[in-house]
Structure formats: structure tokens, C-alpha cells
Amino acid sequence: MLEELDEAITKLNNKTDVDIHLVGFKKYLDKITVNINLSFYDEEEIQEEWQIVCEDIGTHRFEYDVFEEWEIFSEHELLWNYNKEWGEIFFNGRTNSTTEVIGELYKTHNGNTKGYIPFGEYLNYRIDTLLDGGFGLFAKGPLNLLDSYRNVLTKYGYKTTVLPLHYRNEQDYRTDYRLLVMGNSYVVAKNFSAHKVIG
């Protein structure tokens, strides 16, 4: 996987702190190649150039920045679309404090997703229109998040029903997708490998 890159960084770190520069990426079909340079802290000279190849990719975000370490996760909020069972939540009822309900749903969402997933990502429509409508499909998404929505809605007097989505079978959410985080950048993929280009 990425052991060779890890060893190279450790070896350079034995001399002084190493900065990892994300300098480019290229996407082709279901693969992304990320270009990184290793340099000593506060020095411009490039010590080594590497490519990280990410295959069978999912969501990703890149920022050209400098970071000191990378991590791979098999459990993370950004993996919920790949490894959690999904469902739908339906609701019925009205409240006198729609704004309060929205505020608490927002806080609950951000508390559960740590800000990685935008509020509204799984909602069926604009939240104020949904709640003012009084009934219908509220959201479709990972069951663990829908349960937190249900708690808020129930607290404000809404009746709710959560149903699993049967078109996603067990294999759909028992995946081997993992998340590679590099500073503010990340890639969800099934396979990662690193290759030294120069150095």
C-alpha cells in the first residue's frame, strides 16, 4: 500500500522535519494520481517526488497545500455513503417553532458528521418547505444519521417512521473503501499505492 512512502518520510524525518507538498493530481476514469513532493521544513529544495495512485475512487477533494502527515481510515463520516446501511425517514405533524426545529436539526447533523457532510445533503427538499408541509419523505441517507434526525423530530411532536432501503443489499454497505486524508485534502478509494518518481 503506502508503506514505502511512509518509510521514505520516516527516513527523511530522522534528519529534520519533512513537509509534504500536494502539487498536483490527475483523474482518469476511476483512478486519481496525486503528485506530492517531500522537502525539509522551511527549505525549497525537493528531496523526493512521489505519486499516490488511488483506484476505484469515490468522493475526493484537493487543496494545494503543505502537510506533515497523512492518515488512512476505514471508519469515518466521509465513508458513510459507502459502508453504512441506508434508509428513509418519513414524518407527519406540525410545530409552532419551525426555526427552532431547523436549528436543532442543524446542530445534531453537524455534531454527528463533524462538519464533513453538508447539512441538507440527505434531505428530500428545502427543510423549511418540508417542515411547513407537515408530512412526507424527510430524508434518505445513512440510518445512523436518520436516527438522530428522528430524535429531534420526535422531541418536537412529529410522528416518524424509518424504513431501510432494500434496493441496497448488504454487499452495498460492507465495502472495502477507505479514506486517505492529506492535510485538507482527501480521497475515498478501494486501493492506494505509492511510487517514487524522483529522489
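1. Which residue forms a salt bridge with glutamate 48? The partner is lysine 196, and the closest N and O atoms of the two are 3.9 Å apart. A salt bridge here is a side-chain nitrogen of Lys or Arg within 4 Å of a carboxyl oxygen of Asp or Glu.

2. The structure is a predicted model, in which local features need pLDDT of at least 70 and side-chain atom pairs count only at pLDDT 80 or more, while totals for chains, interfaces and linings use all residues. Residues are numbered from 1 along each chain as its sequence is written, and side-chain values use heavy atoms, with hydrogens and water left out.

3. The pair in point 1 joins distant parts of the chain: lysine 196 lies in strand β10 and glutamate 48 in strand β3, 148 residues apart. Strands are DSSP runs of E, at least two residues long, and helices are runs of H or I, at least four, numbered from the N terminus. Glutamate 48 is buried, at 11% relative accessible area, whereas lysine 196 is partly exposed, at 42%. Buried means under 20%, exposed over 50% and partly exposed in between (1.4 Å probe, protein chains only).

4. Lysine 84 also forms a salt bridge, with glutamate 75, the closest N and O atoms being 3.4 Å apart. Glutamate 75 is exposed, at 52%, and lysine 84 is partly exposed, at 22%.
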